[in-house]
Amino acid sequence: MASWNSIPLEITYEVLGWAAFISWSISFYPQVILNFRRKSVVGLNFDFVVLNLTKHSSYLIYNATLYFSSAVQKQYFEKYGLGQMIPVAANDVAFSIHAVLLTAITLYQIAIYERGNQKVSKISIGIVAAVWLGAAVCVFLALPSHSWLWLISIFNSIQVFMTVIKYIPQAVMNFLRKSTDGFSIGNILLDFSGGVANYAQMAVQSIDQGSWVNFYGNIGKTLLSLISIFFDLLFMGQHYVLYRGKRAVITPKIISKESAEPLVKSSDDPVSENV
């Protein structure tokens, strides 16, 4: 197993790693807090949350297995060379655990708070079901030959695929509503910071080792940063440029006295709709 050649670069790597972990971890809270304050999840796309839970669950399986399993690490070294370093750090595992928990909490909020006429689409349900069914098949295929590295690479591919598609429903919803009302921009700003720090962390390790296998040896982490940064920029453009200051217009519907709370609060409400 390779060691660091430069102490300053090693320290920089650790600092960037934990900076990404803190930014990404905190990024889950603005949306949770916004939902709690409004007692509503109107404006937050449910497909985004469901797909996100599958994404982080599969990423947790990949990170935890590669970080803790000596058998998987042995297969990694056999494939990429003994001189390489494991491309998963402790902060990656910590982040994944935290992400699964916070995404589950957000899903729980969807179940208990005002959600208007929003619901999870059948397309997303179908995608999630197909993904986990495919993963189960891969587990049985890997058992006879103990192809653990191949198996966790499947989960890594799943998280990359989910990262690619999970943002699309929210971006489309913002476009159709011509508003980001109910969708926390704080989440996006912190996610963007984490993505930049994560990418910089990988670059620092590659510079120290004089090898870029860190990028293609962990293609999931590489694509994760690039895709996340792209969509974060898109959401920032929607919030600060395209739909700046605009609130969604909801078609009135007949509601009972018990549910007289509006789905989207009026512009006179002192509570900010975007944390």
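**Entry 1: Trp18 and Phe21**

I began with helix H1 (residues 7-26), where Trp18 and Phe21 are three residues apart and therefore separated by about one helical turn. I kept in mind that this is a predicted model. I then looked up how the two rings are placed, and found that Trp18 and Phe21 form an edge-to-face aromatic pair, with 5.1 Å centre to centre and 90° between the planes. For burial I noted that Phe21 has a relative accessible area of 18% and is buried, because the limit for that word is under 20%. Trp18, at 35% relative accessibility, counts as partly exposed.

**Entry 2: other aromatic rings**

I searched the whole structure for aromatic pairs, and the search gave 15. I looked next at Tyr76 and Phe77, which form an aromatic pair that is edge-to-face, at 6.2 Å centre to centre and with 75° between the planes.

**Entry 3: lysines over rings**

I checked for lysines placed over ring faces and wrote down two cases. Lys39 lies over the face of Phe36, at 3.8 Å from the ring centre. Lys178 lies over the face of Phe175, and here the distance from the ring centre is 4.0 Å.

**Entry 4: Gln201**

I turned to Gln201, which I located in helix H8 (residues 185-209), and its relative accessibility of 0% counts as buried. What does a polar atom of the Gln201 side chain lie 3.3 Å from? I found the backbone oxygen of Tyr13 at that distance.

**Entry 5: helices H3 and H4**

For helix H3 (residues 46-68) and helix H4 (residues 70-80), I noted that the axes come within 5 Å and cross at roughly 85°. H3 and H4 are therefore roughly perpendicular to each other, since angles of 65 to 115 degrees count as such. I then listed the residues that meet: Thr65, Leu66, Tyr67 and Phe68 on the H3 side, and Ser70, Val72, Gln73 and Tyr76 on the H4 side. I marked Tyr76 in my notes, as this residue of H4 is in the contact with H3 and also forms the edge-to-face pair with Phe77.

How values were computed. Residues are numbered from 1 along each chain as its sequence is written. This is a predicted model: local features need pLDDT of at least 70, side-chain atom pairs count only at pLDDT 80 or more; totals for chains, interfaces and linings use all residues. Side-chain values use heavy atoms; hydrogens and water are left out. Rings of Phe, Tyr and Trp (its six-membered ring) pair if their centres lie within 6.5 Å; planes under 30 degrees apart count as stacked, over 60 as edge-to-face and the rest as tilted. Helices (H or I, at least four residues) and strands (E, at least two) are DSSP runs, numbered from the N terminus. Buried means under 20% relative accessible area, exposed over 50%, partly exposed in between (1.4 Å probe, protein chains only). A charge sits over a ring if NZ of Lys or CZ of Arg is within 6 Å of the ring centre and within 35 degrees of the ring normal. A polar contact is a pair of N or O atoms within 3.5 Å; within protein, one must be able to donate a hydrogen and the other to accept it, and residues adjacent in sequence count only if both atoms are side-chain atoms. Axes are lines fitted to C-alpha atoms, for helices over the stretch in contact, and angles run from 0 to 180 degrees between N-to-C directions. Angles under 35 degrees count as roughly parallel, over 145 as roughly antiparallel, 65 to 115 as roughly perpendicular and the rest as oblique. Contact means heavy atoms within 4.5 Å.
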